[in-house]
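Please open the model in your viewer and keep the sequence panel beside it. The stops below are given in the order in which they may be selected, with a few words on what is to be found at each.

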Amino acid sequence: MSESPTTDLRTEVTGPQQIPPRQLKPASRLGRHLREAAVHVVRSSAPPTMALGQRTGDEEVTQQKAREVIDLALRVGEAMLATGASAADTVATVLRLGQAYGVGSVHVDITYTSITVSIHRGLDEDPLSVMRVVSGRSPDYTRLEAVQKHIERIIASAGPGGPTMDVTTARTRLQKLLASPHPYRRWVVTLGSSIMAVGVVMLFGVGPFMWGVAAVSTALVDRVQRALYRAGVAAFFTQAVSAAVPALFALLLFRYGDVILPEVSFTPSVVVISGIVVLLAGLGVLGAAQDAVDGYYVTAGARGLEVMMMTLGIAVGVAVVIGFGRSLGVSMEASAVVSTAGSPLLSTLGAMLIALGFCLNTYAGLRTIVISVLISALSWMIYASLMALGLASAMATAVAATLVGALAYVAYRRLHVAEAAVATAAIVALLPGLSVYRSLYLLMQNSAATMPQAMVWLVVAVSTGVALAAGLAMGGYLARRRLGLDRAALRARRRSRGSHVTT
């Protein structure tokens, strides 16, 4: 008996197929489906990178507490800006301080001459906003370091109920820190300026006689600046008169040096160069660049304009003396052999003296002085080595400044010294004093033949300044990436730049 094969009725086709209407999609619905699928592939489902208008207020914060926190934050911000801190560091510190006292809706705005702190307390309470004018800026790293340590103690002691130090006590201690006397007398500051000048001329390999001339001229510059400041003379004219002092010393040496002391070897132009470097060191070149890198363009623009005007004042003072010398038939041209090519030991010692003098000139503490001197010596040796290998001046400067920026942050994290003090003191030796002087001299020739060379030296000076600022910023960034910040500091630093932080 044969068995017929099994037939699958589900797959066997015996006639025309009928598809129910519900299984058909009209063309319009199919197109919409495809569009929705494409949008799903392209459109992001994550929240926006920058959250706009999402911050909430601190409704539970009383008006009295908000006023106390704002007052303390304003005093801290003003003190940091006045003593040499950057805008980003100031804003981050104020935000961390407010967070420590339970006020998270703090907003800070800085415009070089003022700082504004506001607190939003929700819809049912009035917001508070207070502005404080920064009357003056003068690097004072002893006070800056003391303020930073004071704030770190407050933040470190913060718990669920807030810091162990109440706002009133914190404000009282801050006032005592700011009112405390300087660590040394004013004549030590003048001595620091003279030591800086001696270090600068040592970079050029000149003899002890020129050391003494540079020290005396720079000490006189310091006294002149102080007298003009007390007399209320505008900063531009103060800078011009100050720059003319070492130029006059050089003019006298150019004119009478060989007659009075024929047996002494003179290099008068290094006296002018030392005066230019000392005056440039007191400007906020690096602060302006750092504010620009951090995104505070209004503050950076104001600082940059100030630096430009003060540098123009230096140019006017030196140019007037050069022009006066030309009218007497005295050429004050920097010799072609003048360069930072002294013996390695002497030039390194000069860089260390420059850092020491700058620290004394800005009231830095003992630990800051020691660290700055050591980093300055290391950065100068790296710079000199790269120059000996044939690297371009701006590139060698950038590499050395990168190392300084990284080590300055490491010193701040490990040894609790002011980062700005260490970084600035360690790179003063790399400031382009020689390039500025040569550019000014060639410009004063007022000749079409010398004008291109003057522009070349001017570009060299500007590129060196940019390399210094960029190197310091990059070094600090790399060190922060390596060592990191604590979570509160990182959040505050990003908030200070206006970016959103996901937690």
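Is Tyr-409 buried or exposed? Tyr-409 is buried, because its relative accessible area is 0%, where buried means under 20% relative accessible area, exposed means over 50%, and partly exposed lies in between, with a 1.4 Å probe and protein chains only.

Before going further, please note that this is a predicted model, in which local features need pLDDT of at least 70 and side-chain atom pairs count only at pLDDT 80 or more, while totals for chains, interfaces and linings use all residues. Residues are numbered from 1 along each chain as its sequence is written, and side-chain values use heavy atoms, with hydrogens and water left out.

**The whole chain**

With everything displayed, the secondary structure comes to 18 helices and 3 strands; helices (H or I, at least four residues) and strands (E, at least two) are DSSP runs, numbered from the N terminus. Of the 503 residues of the protein, 45% count as buried. Among contacts with a separation of 6 or more, 76% are accounted for by residues 24 or more positions apart, a contact being heavy atoms within 4.5 Å.

Tyr-412 is partly exposed, with a relative accessible area of 23%.

Continue to His-416, which is found in the loop between H14 and helix H15 (419–427). The phi of His-416 is near 60°, a positive value in a residue other than glycine, and His-416 is partly exposed, with a relative accessible area of 48%.

A search of the whole structure finds 5 aromatic pairs. Select another of them, Tyr-184 with Tyr-363: the ring centres are 5.7 Å apart and the planes are at 20°, so the pair is stacked. This pair links distant parts of the chain, since Tyr-184 lies in the loop between helix H5 (167–179) and helix H6 (186–203), and Tyr-363 in the loop between helix H12 (344–361) and helix H13 (366–388), 179 residues apart. Both Tyr-184 and Tyr-363 are buried, the latter with a relative accessible area of 12%. Tyr-363 also has a positive phi of about 60°, although it is not a glycine.

Now select residues 433–444, which form helix H16. At 1.5 Å a residue its 12 residues should span 16 Å, and its end C-alpha atoms are 17 Å apart, which agrees; the expected span is 1.5 Å times one less than the number of residues. Because 10 of the 12 residues of H16 are buried, the helix is largely enclosed by the rest of the structure. What covers these buried residues includes helix H9 (269–281), helix H11 (297–327) and helix H17 (451–483).

The axes of H16 and H17 come within 8 Å and cross at roughly 155°, where axes are lines fitted to C-alpha atoms, for helices over the stretch in contact, and angles run from 0 to 180 degrees between N-to-C directions. That makes H16 roughly antiparallel to H17, the term used for angles over 145 degrees. Residues of H16 that meet H17 include Ser-435, Arg-438 and Leu-442, and those they meet in H17 include Met-451, Trp-457 and Ala-461. Just after H16, select Asn-446, which takes a positive phi of about 55°.

Ser-217 is buried, with a relative accessible area of 1%, and, not counting residues up to four places away in sequence, touches Val-245, Pro-246, Phe-249 and Val-271.

End at Ala-100, whose place is in helix H3 (residues 87–100). At 11% relative accessibility Ala-100 counts as buried, and, leaving aside neighbours within four places in sequence, Ala-100 is in contact with Ile-155, Ala-158, Gly-162 and Pro-163. The C-alpha atoms of Ala-100 and Gly-161, 61 residues apart along the chain, are separated by 9.4 Å.

Technical notes: Rings of Phe, Tyr and Trp (its six-membered ring) pair if their centres lie within 6.5 Å; planes under 30 degrees apart count as stacked, over 60 as edge-to-face and the rest as tilted. Angles under 35 degrees count as roughly parallel, over 145 as roughly antiparallel, 65 to 115 as roughly perpendicular and the rest as oblique.
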